Amino acid sequence: MSAVLQVEGLEVAYRTRGVRGRSVPVVHGVDFAIAPGETLALVGESGSGKSTIGNAILGLVPAAAGRIEIDGRDVTTMSRSARRGMARTVQAVFQNPYGSLNPWITVGQTLAEPLRIAGRSRPETSERLRWLLDRVYLPHDALDRYPSEFSGGQRQRVAIARAIALDPKLIVCDEPTSALDVLTQAGVLSLLRELQDELGISYLFITHDLAAVREFAARVCVLERGRIVETGRSEEVCDNPQHPYTRELVAAAPVPDPVLQRERRELRLAAERRGAASS
Ligand SMILES: Nc1ncnc2c1ncn2[C@@H]1O[C@H](COP(=O)(O)OP(=O)(O)OP(=O)(O)O)[C@@H](O)[C@H]1O
């Protein structure tokens, strides 16, 4: 099966400020691929270039050299408008659910925006909004509420709903749980996995958290100063006591997110009641 994402010889450099600004390379000849429905984790110390690679894939920073093929199309050579069109295929979930949602618009407006840009009709949009909320276990009345009325985990679920609105093939998850408490982290990861099983999405999972990698990703690339120094199955990298990164690993059993569990239960009961009433 052909890869959803193929990165070859990727180089990224940032320009320093000022009139004598020079180019500082931070990603050096990175290669990796992600298959349909697969999760690949990108781990490495702070500053090793993980987010820069994610941002290059999302078109937020330019590639200095190399290819980034998404769904068979090299996005590094695309025009801006063609690149914007790729938003249907590749989406992102970022670390901070407090900052990534516009606080001035309702959840309904947030989720409707990509659908409006994609030209969906009003009836299609309202049906899709309800479908999205069901997928992330939020009640339909969430549509009229503002981000400030939700917990961090619930906001991250809104961000996930927005990311899946247009059926993307790939989601770049850049530290999607690191701003959340431990209980909520496991809930968000289990939701991402559930969506992967249902919708076949691929994830590039950028993280420091090896326990999460072990739980969530089949393969992992270890990045050091902008270079991939190791690629392997996550159990090989995470369970190897000799590996320098395993020192960080806390053997954390997945912990259920109590809020997500309660909401799932309530929604299930409500659906059962509706079913009983209509039969
Ligand atoms: N906008 C920018 N302008 C200039 N340099 C940058 C910029 N963003 C990142 N860098 C530099 O690029 C290098 C890689 O940063 P990046 O954020 O990709 O690393 P990271 O592995 O994601 O780190 P962290 O885990 O802390 O998020 C670092 O040296 C960083 O200082």
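1. Around the ligand stand Tyr-14, Val-26, Gly-44, Ser-46, Gly-47, Ser-48, Gly-49, Lys-50, Ser-51 and Thr-52. A residue is near a molecule or strand if its C-beta atom, placed from the backbone, lies within 6 Å of it. The shell holds two nonpolar residues, seven polar ones and one charged. Here Ala, Val, Leu, Ile, Met, Phe, Trp, Tyr, Cys and Pro are nonpolar, Asp, Glu, Lys and Arg are charged, and the others, including Gly, are polar. Helix H1 (residues 50-58) gives the largest share of this shell, three residues.

2. Some ground rules. This is a predicted model: local features need pLDDT of at least 70, side-chain atom pairs count only at pLDDT 80 or more, and totals for chains, interfaces and linings use all residues. Residues are numbered from 1 along each chain as its sequence is written.

3. The protein has nine helices and 10 strands. Both are DSSP runs numbered from the N terminus: helices are H or I with at least four residues, strands E with at least two. Of its 279 residues, 38% count as buried. Buried means that 20 or more other C-beta atoms, placed from the backbone, lie within 10 Å of the residue's own.

4. Now the sheet. Six strands form an open sheet in the order S6-S7-S8-S3-S9-S10, with mixed pairing. Strands S6 (90-93) and S10 (227-233) are at the edges; each has a single partner strand, so one side of each lacks a neighbour in the sheet. From one strand to the next, the twist averages 20 degrees. Angles run from 0 to 180 degrees between N-to-C directions, with axes fitted to C-alpha atoms, for helices over the stretch in contact. Two strands pair if DSSP finds at least two bridges between them.

5. Take the parallel pairs. S6 and S7 (170-174) are joined by four bridges, and Gln-91 faces Ile-171 in S7. S7 and strand S8 (residues 202-206) share five bridges, with Asp-174 opposite Ile-206 in S8. Strand S3 (residues 39-44) pairs with S8 over four bridges. There, Ala-41 stands opposite Phe-205 in S8.

6. Arg-219 stands opposite Arg-233 in S10.

7. How well covered is S7? Five of its five residues are buried, so S7 is largely enclosed by the rest of the structure. Leu-170, Val-172 and Asp-174 point one way, Ile-171 and Cys-173 the other. In a regular strand the side chains alternate between the two faces of the sheet.

8. S8 is also largely enclosed, because five of its five residues are buried. Ser-202, Leu-204 and Ile-206 lie on one side, Tyr-203 and Phe-205 on the other.

9. Helix H5 (residues 152-164) lies across S6 and S7, at about 175 degrees to S6. Two residues are in contact if their C-beta atoms, placed from the backbone, lie within 7 Å.

Methods: Buried ≥ 20, exposed ≤ 12 C-beta atoms within 10 Å, placed from the backbone.
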